Amino acid sequence: MATGGPVAFTAPHADVARAAHALLADGASAVDAMVAASAAIAVAYPHMNSLGGDGFWLVCPPQGEPIAIDACGYSAAAATPQWYAERGLAAIPGRGGAAALCMGGTVDGWRVAREVAGEAGLAVRPLPELLAPAIAMARDGIEVTTTLVAACEKLAAEDSGSDEFRRLFLPGGVVPAAGDTLRNPELGDFIATLAREGSEAFYRGSLTGTLQAGLAAAGSPLAAEDFADYRARRVAPLQLDIDGAQLYNLPAPTQGVASLLILGIYQQLRERLPQAREVDRVHCLVEATKHAFAVRDAQVCDPQHLSPDWAGLLQAEHIAALAGEVDGERAAPWPREAAHGDTVWMGALDDQGWMVSFIQSVYWEFGSAVVIPGTGLVWNNRGLSFSLDPDHVNCLRPRCKPFHTLNPAAARCADGRRMVYGTMGGEGQPQTQAALFSRYYWEDVPLAEAIADGRWLLGRTWGDSDNDLKIEESLFRRIGDELAARGHAVKCVPQHVEMMGHAGAICLSPDASVEAASDPRSDGAALHSVAAGGAA
């Protein structure tokens, strides 16, 4: 058999990385490997994501710009501020059926991604082959990780979660211990049905009635028509040209525009500080984040309701104006509330040179904490991004998409390097992307080191009431005092703490060498090899 090109896969769970890498090594496409991983990680990391949540794709061909896929669910047709008022709710609750107001889009994203692959002439393998690892994991059981234990402890302390949730994740009212085996055979059967019947089974087929009835019984406004009308769709990716590279991300309703703005602003600040020290670089990235987030919070909403200013947000004049507002020596004030985010990012490279940057989430850990009876499926609570205030940029409307922290990234460099990268972490996603990319691209730091080195997080995170600048210990020792002297409200946190996200990246160079990295803050792995034969 002829030897194929290099392949790589990175995921925040090692078992998932191994399963997807095995497919790539056997000649599967990056798209098919990612479909397999999407299903498998929903089993292996049930607190971080679910097939009842959302996904976003950047499918990157060897030449040309990526194909972006929005597999984000919309709000129910019945979801209005009045619907909540009639139930005595002044705000959308965090858990329960009333929090489960948005369709899960990730499964239909598989269909669209495989259509993209087929149109490009890539082999499209049978779904039963791709979903077999996920089915086996669900039926045989997964090893409980420390992060899963922490999420279960949080839900137990909240005393939230449906009866099915407690049966599955808190058996006998007890939080499972790290190393225990957790089985979810009903989810295995659910995925087996998807393997046989495809995404139609979820939205317009044999599984739809069970899903809708379970949600309705929990108090969700989602109806059968919301399932039947849903379609994931291809969208035009956002692009920002910086010195020597094109950067790509997802458009609204994601915060992809903020991720690109941070790097665009930072490039201009770097030009002012050609001999910048590390403290200068981090200060400028943090200040760029403040300006990018202010734009994001004012502008990002359902794509049908974007302001006339949207088209100019990534224009050079706007970025220059934002950069001009940054003080290179003093921190701007920053009191604001940050978003939650439990998510998985994964990256793939196949032997034909196609790459995928993919992200999948249910928003908070375990989403709405509604597990639909008979399916083992956790439903998302992404609708919490809506406001019941009619004047809010993300006011709740029927069939609209909520603001999303999710945003997978990709880059094409003038020297021929191509890169996919991303992270979980809600508010931290743009910040971690900026740390990772700037270290790798501008400072020539190896990819694994760029991810593993100490990071920072501006603003609140899970269960935290402070809007300070949290800095991991190794980085704090180097620059913490100097940042404080510039006016940053800094706080040292332990090294490799999970709040900093689970980042990953793959970079393919013109000589076919590959760098692939996974975050030591996760339970993941990054694997690469040479495929045995092409994707036949």
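**Exercise 1. The nonpolar cores**

Task: Which residues touch the most other members of the largest nonpolar core, and which helix gives the most to this core?

Solution. Step 1: the largest nonpolar core has 106 residues, and F9, W57, L131, L194, F202 and W379 touch the most other members. A nonpolar core is a set of buried Ala, Val, Leu, Ile, Met, Phe, Trp, Tyr and Cys residues joined through side-chain atoms within 4.5 Å. Buried means under 20% relative accessible area, exposed over 50%, and partly exposed in between (1.4 Å probe, protein chains only).

Step 2: helix α2 (residues 30-44) gives the most to this core, with 13 residues. Helices (H or I, at least four residues) and strands (E, at least two) are DSSP runs, numbered from the N terminus.

Step 3: a second, separate core has 61 residues, including W442, L447, I451 and A517.

The model is predicted, so local features need pLDDT of at least 70 and side-chain atom pairs count only at pLDDT 80 or more, while totals for chains, interfaces and linings use all residues. Residues are numbered from 1 along each chain as its sequence is written, and side-chain values use heavy atoms, with hydrogens and water left out.

**Exercise 2. Helices α13 and α15**

Task: At what angle do the axes of α13 and α15 cross, and which residues meet?

Solution. Step 1: the axes of α13 (residues 278-299) and α15 (residues 428-442) come within 11 Å and cross at roughly 140 degrees. Axes are lines fitted to C-alpha atoms, for helices over the stretch in contact, and angles run from 0 to 180 degrees between N-to-C directions.

Step 2: α13 and α15 are therefore oblique to each other. Angles under 35 degrees count as roughly parallel, over 145 as roughly antiparallel, 65 to 115 as roughly perpendicular and the rest as oblique.

Step 3: from α13, L285, T289 and F293 meet P430, Q431, A434 and S438 of α15. Contact means heavy atoms within 4.5 Å. By class, this contact has four nonpolar, three polar and no charged residues. Ala, Val, Leu, Ile, Met, Phe, Trp, Tyr, Cys and Pro count as nonpolar, Asp, Glu, Lys and Arg as charged, and the others, Gly among them, as polar.

**Exercise 3. Helices α12 and α14**

Task: How many nonpolar, polar and charged residues are in the contact of α12 with α14?

Solution. Step 1: α12 and α14 (residues 316-324) pack at about 65 degrees, with their axes 9 Å apart.

Step 2: on the α12 side are L261, G264, I265, Q268, L269 and R272; on the α14 side they meet A316, H318, I319, A320, L322, A323 and G324.

Step 3: the contact divides into eight nonpolar, four polar and one charged.

**Exercise 4. Backbone features**

Task: Which residues are joined by a cis peptide bond, and where do A369 and H496 lie?

Solution. Step 1: most residues other than glycine have a negative phi, and most peptide bonds are trans.

Step 2: A252 and P253 are joined by a cis peptide bond, with omega about 20 degrees. P253 is in the loop between β8 (245-249) and α12 (256-272).

Step 3: A369, not a glycine, has a positive phi of about 65 degrees. A369 lies in the loop between β10 (355-363) and β11 (371-372) and is buried, at 0% relative accessible area.

Step 4: H496 has a positive phi near 60 degrees. H496 is in the loop between β17 (490-493) and β18 (503-508) and is partly exposed, at 30%.
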